[in-house]
Amino acid sequence: MIVILGGGYAGLSALSENSNAILVDRKSYFTLTPWLIDFVCGIRNETEVKAKYPKVIKGEVSKIDYKEKRVIVGETEIKFDKLIVSLGHHQNLPRLKGAKEFAHKIETFEDAVNLKSKIETSKNIVIIGGGATGVEIAGNLRGKNVTLVQRRDRLLPTMSTASSERARTLLEENGVKLLLGTEALEVKKNSVVTSNGEIKSEVTVFAGGLKGPSIVEDFGHTNKNHRMIVDKNLRSIDYRDVFGAGDCATFSNEDIPMSAEVAISAGKIAMRNALGEENTFIPRRTATILRVNNFFFGDFGNSYIEGDMAKIMRGLAYVQSLVLPARGVNV
Ligand SMILES: Cc1cc2nc3c(=O)[nH]c(=O)nc-3n(C[C@H](O)[C@H](O)[C@H](O)COP(=O)(O)OP(=O)(O)OC[C@H]3O[C@@H](n4cnc5c(N)ncnc54)[C@H](O)[C@@H]3O)c2cc1C
């Protein structure tokens, strides 16, 4: 029996290759994470962000026993012959003092609902982190005092400098106060302490760094961000019958990008290899496109693009992810 842990992009994609596998997730629906920020900012509604699983065992995975080949899900034990670990990632809140207690994150639909209702009744919002998530939230909130705190001296540090510059001008045009080269040191109930002073905050959003699930730390090799190490075929370097796909897994010598598109192709390869094939996984990310105030821009391969072209590319990059749950329903 092949067991898939985690029904995100990678897990659902793995299931679409082999409908006999068992899929386990803590929730009973699939989340279209790229639309969570749109939901928070009132651009999309709940039905666009959640989709039905074709089948799922609902429960919290609390232990993976690689030697005995079993996983503990709630009170139940599930045996496996092959295992695909696709448990995603978390924002690394414990990294920043007070963040766990006082900051919001945005990973799940519940996070998005909480954040949306808190933002609706608040004026002063502080976003920690100037990556894609931080920029999109800051850039799409209306009628608020938004401050974005970014440790590096530019936004979107993993993207082209043209994208960074565009993000900066768009956020400034939207009235976002940018604190670049500023480190968040502590989150308090009503403020954020930074290397440049303390800022009043009714809602603090932490988008400042990701880590893999703590459950994969219990075995063998992980990288500095707690992602499990896999070989070129996505097989765990510690256990032959275990594969890793999506955000929770990476190579030892090269980071696998964290994206829906990459997770979908990894899920397929992991399942084919679990079924006995030997396919090499080559991560490909077609485009990284952001939307700020209905303006689309970002990187397409090595080029910067914006406007209608970027809007089309964002659509194309997500076509696969949009059809994924629907395909699943028909399995
Ligand atoms: C707000 C936001 C916006 C994003 N925007 C984009 C974007 O525009 N484009 C893009 O390409 N990527 C985007 N991403 C990144 C993208 O969502 C991830 O790269 C992708 O979801 C990775 O897929 P995955 O299958 O590895 O993990 P996930 O999709 O995170 O799935 C992991 C699954 O594991 C389950 N799980 C975790 N732990 C347990 C447990 N212990 N027990 C049971 N179940 C468990 C979770 O419920 C979840 O369903 C965004 C992410 C976020 C949070």
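Buried, in this talk, means under 20% relative accessible area. Hold on to that cut-off. The model I am showing is predicted.

Take leucine 179. Its relative accessibility is 18%, so leucine 179 counts as buried. This leucine belongs to strand S14, which runs over residues 177-180. What does leucine 179 touch, once residues up to four places away in sequence are set aside? The list is Thr147, Leu148, Val149, Gln150 and Ile199. Leucine 179 and alanine 162 are 17 residues apart along the chain, and their C-alpha atoms are separated by 19 Å.

Now step back to the whole chain. The secondary structure comes to nine helices and 25 strands. The C-alpha trace spans about 55 × 40 × 40 Å along its principal axes. How does the radius of gyration sit with a compact globule? For 331 residues, such a globule would have a value near 20 Å. The chain has 20 Å, so the two agree.

Burial next. Of the 331 residues, 53% count as buried. The accessible surface comes to about 14900 Å². Carbon and sulfur atoms hold 48% of that surface.

Then contacts. Consider those between residues at least 6 apart in sequence. Of these, 57% join residues at least 24 apart.

And charge. The chain has 45 positive and 39 negative charges. Their mean positions are 2 Å apart.

Let's go inside, starting with a helix. Helix H6 covers residues 132-140. Is H6 largely enclosed or open? Seven of its nine residues are buried, so the rest of the structure largely encloses it. The buried ones are Gly134, Val135, Glu136, Ile137, Ala138, Gly139 and Asn140.

Next, a pair of residues that meet. Serine 236 is in the loop between strand S20 (228-229) and strand S21 (242-244). Phenylalanine 243 is in strand S21 itself. Serine 236 has a relative accessible area of 4%, so it is buried. Phenylalanine 243 is at 0% relative accessibility, and it counts as buried too.

Look at the contacts of the serine. Neighbours within four places in sequence are left aside. Serine 236 is then in contact with Phe219, Met228, Ile229, Val230, Val242 and Phe243. Its side chain also has a polar partner. A polar atom there lies 3.0 Å from the backbone nitrogen of tyrosine 239.

Now the phenylalanine. Beyond four places in sequence, phenylalanine 243 touches residues from several stretches of the chain. Among them are Lys82, Leu83, Ile84 and Val85. Met228 is on the list, and so are Asn233, Leu234, Arg235 and Ser236. Ala270, Asn273 and Ala274 are there as well.

Over to another loop. Asparagine 18 sits between helix H1 (9-17) and strand S2 (22-25). Is asparagine 18 buried or exposed? Its relative accessible area is 11%, so it is buried. Its contacts, residues up to four places away not counted, are Ile2, Met271 and Leu275.

On to strand S23, residues 287-292. Isoleucine 289 is found there. This isoleucine is buried, with a relative accessible area of 4%. Isoleucine 289 and serine 163 are 126 residues apart in sequence. In space, their C-alpha atoms are 9.2 Å apart.

Last topic: backbone angles. Most residues other than glycine have a negative phi. Here are two with a positive value.

Leucine 156 has a phi near 45 degrees. Where is leucine 156? Leucine 156 lies in the loop between strand S13 (145-150) and helix H7 (161-173). At 1% relative accessibility, this leucine counts as buried.

Asparagine 294 has a positive phi of about 65 degrees, although it is not a glycine. It lies in the loop between S23 and strand S24 (295-300). Is asparagine 294 buried or exposed? At 58% relative accessibility, asparagine 294 counts as exposed.

Leucine 156 is buried, whereas asparagine 294 is exposed.

Notes
Residues numbered from 1 in each chain as written. Predicted model: local features only at pLDDT ≥ 70, side-chain atom pairs only at ≥ 80, totals over all residues. Heavy atoms only, no water. Helix = DSSP H or I, 4+ residues; strand = E, 2+ residues; numbered from the N terminus. Buried < 20%, exposed > 50% of the residue type's maximum accessible area, 1.4 Å probe, protein only. Polar contact = N/O pair within 3.5 Å; in protein donor to acceptor, adjacent residues only side chain to side chain. Contact = heavy atoms within 4.5 Å. Rg over C-alpha atoms; globule rule 2.2 N^0.38 Å. Areas by Shrake-Rupley, 256 points an atom, 1.4 Å probe, with all protein chains shown as cover. Lys, Arg positive; Asp, Glu negative; His and termini not counted. Charge placed at Lys NZ, Arg CZ, Asp CG, Glu CD.
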